[in-house]
Amino acid sequence: MEKMQRNNSNNKINRPPEGRYIMGKNCIEEVIKFSPKRVKKIFFVNEDYELMKKIENLRIPYQTISKVEMTRLVNSESHQSIVALVSERVFPDFTDYLNLSWEKDNDLILVLDSINDPQNLGTLLRCAECFGAGAVLWSKNRGSDITPVVSKASVGASELVTIIKVSNLVESVKKAKTEGYVVITAEVGDNTIAIDTFDFPKKTVLIMGSEGEGVRQLLSKQADYKIYIPMQGAIDSLNVSQATTVFLYQWRNSIEQI
């Protein structure tokens with residue numbers, strides 16, 4: 001194992017050949033708590049004796065570097081003076097996921113359509129993990145990648161929740177329907193149902209669209225139900241992460257009462 005060290009280093013930190021960086025103390029502590037074997041090394045700007053003692057017990061190497069080096073490492077200044085190098089996650093195949101879905105009494109697959117903002121993606125992953133969504137699904141070509149900004153905004157959920165990236169969202173949603181999932185889109189318009197009058201099915205695919213475009217028409221056509229959140233204030237909309245929180249809470253509340 002690489003020797004643990006407290007001394008500052010002036011060596012340039014290059015992008016790792018294997019693994020990726022996550023940042024933010026809360027995010028890193030969650031990964032240490034639930035997936036310590038994935039943590040390859042931790043970088044500090046300032047010594048954190050309590051956390052250093054914890055990772056020493058776990059045999060995780062660490063190093064102190066300058067703030068400038070850390071900012072260069074993750075291409076962001078919002079790292080909170082701590083960054084971790086973690087091994088890459090293995091993302092499951094969607095067909096394999098569905099093949100195991102018969103074992104579950106209830107499940108929700110959160111489908112994200114064209115969510116390009118890293119902060120939004122991170123918050124959505126956090127919501128999914130908090131409310132027990134089975135998986136978060138999005139297109140390889142239409143959405144943000146998992147970056148250090150995403151990992152920090154998710155407070156570690158990007159490393160915990162099941163993430164599946166597919167080539168074709170529409171075909172994936174169709175495949176889920178053949179396995180007994182009911183498809184719900186978050187939309188406002190004709191023939192939509194208020195969320196407070198709707199009982200979510202046990203097996204749900206929930207599609208959330210981008211704030212600018214909403215759910216694309218090709219995906220909207222797959223919906224079994226189109227649900228909206230009634231508004232009471234002067235502002236008549238929520239951002240996508242706020243709306244998703246409401247939907248996931250309502251889904252969790254519905255299935256617990258079944």
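I take two strands as paired if DSSP finds at least two bridges between them. Helices (H or I, at least four residues) and strands (E, at least two) are DSSP runs, which I number from the N terminus.

**Entry 1: the model**

I am working with a predicted model, in which local features need pLDDT of at least 70 and side-chain atom pairs count only at pLDDT 80 or more, while totals for chains, interfaces and linings use all residues. Residues are numbered from 1 along each chain as its sequence is written, and side-chain values use heavy atoms, with hydrogens and water left out.

I looked up pLDDT, the predictor's confidence in each residue, from 0 to 100. The protein chain has a mean of 89, and 93% of its residues reach 70 or more. Over residues 1-14 the pLDDT stays under 50. For that stretch I noted 35 contacts beyond four places in sequence, where contact means heavy atoms within 4.5 Å.

I found an open sheet of seven strands in the order 7-6-5-10-8-11-9, with parallel pairing. Strand 7 and strand 9 (193-194) are its edge strands, each pairing on one side only. I noted that strands of a sheet pair through backbone hydrogen bonds, either parallel or antiparallel.

Strand 8 (residues 182-186) and strand 11 (residues 225-228) run parallel and are joined by three bridges. Within this pair, Ile184 stands opposite Tyr225 of strand 11. Helix 9 packs on the sheet and touches strand 5, strand 8, strand 10 (203-209) and strand 11. Its direction makes about 165° with that of strand 10; axes are lines fitted to C-alpha atoms, for helices over the stretch in contact, and angles run from 0 to 180 degrees between N-to-C directions.

I then followed strand 6 (residues 135-139), which runs parallel to strand 7 (residues 163-166) and is joined to it by four bridges. Trp138 has Lys165 of strand 7 as its bridge partner. From strand 6 the chain crosses through helix 6 (residues 148-153) to strand 7, in a right-handed β-α-β crossover. Right-handed means that, with the strands pointing away from the viewer, the path from the first strand over the helix to the second runs clockwise.

**Entry 2: helix 5 against helix 9**

I recorded that helix 5 (residues 118-130) and helix 9 (residues 240-256) pack at an angle of about 10°, with their axes 9 Å apart. The two helices are therefore roughly parallel to each other (angles under 35 degrees count as roughly parallel, over 145 as roughly antiparallel, 65 to 115 as roughly perpendicular and the rest as oblique). Helix 5 contributes Asn120, Thr123, Leu124, Cys127 and Ala128 to the contact, and helix 9 contributes Val240, Ser241, Thr244, Thr245 and Leu248.

I found another open sheet, with four strands in the order 1-4-2-3 and mixed pairing. Strand 1 (20-23) and strand 3 (62-64) stand at the edges with a single partner strand each, so one side of each is left without a neighbour in the sheet. Neighbouring strands are turned by 25° against each other on average, direction ignored.

Strand 2 (residues 39-44) runs parallel to strand 3, with three bridges between them. Ile42 stands opposite Tyr62 in strand 3. Helix 1 (residues 25-34) packs on this sheet, touching strand 1, strand 2 and strand 4 (82-86).

**Entry 3: Ser87**

Where does Ser87 lie? I located Ser87 in the loop between strand 4 and helix 4 (94-99). Its C-alpha atom is separated by 6.5 Å from that of Arg20, 67 residues apart along the chain. Leaving aside neighbours within four places in sequence, Ser87 is in contact with Gly19, Arg38 and Lys40.
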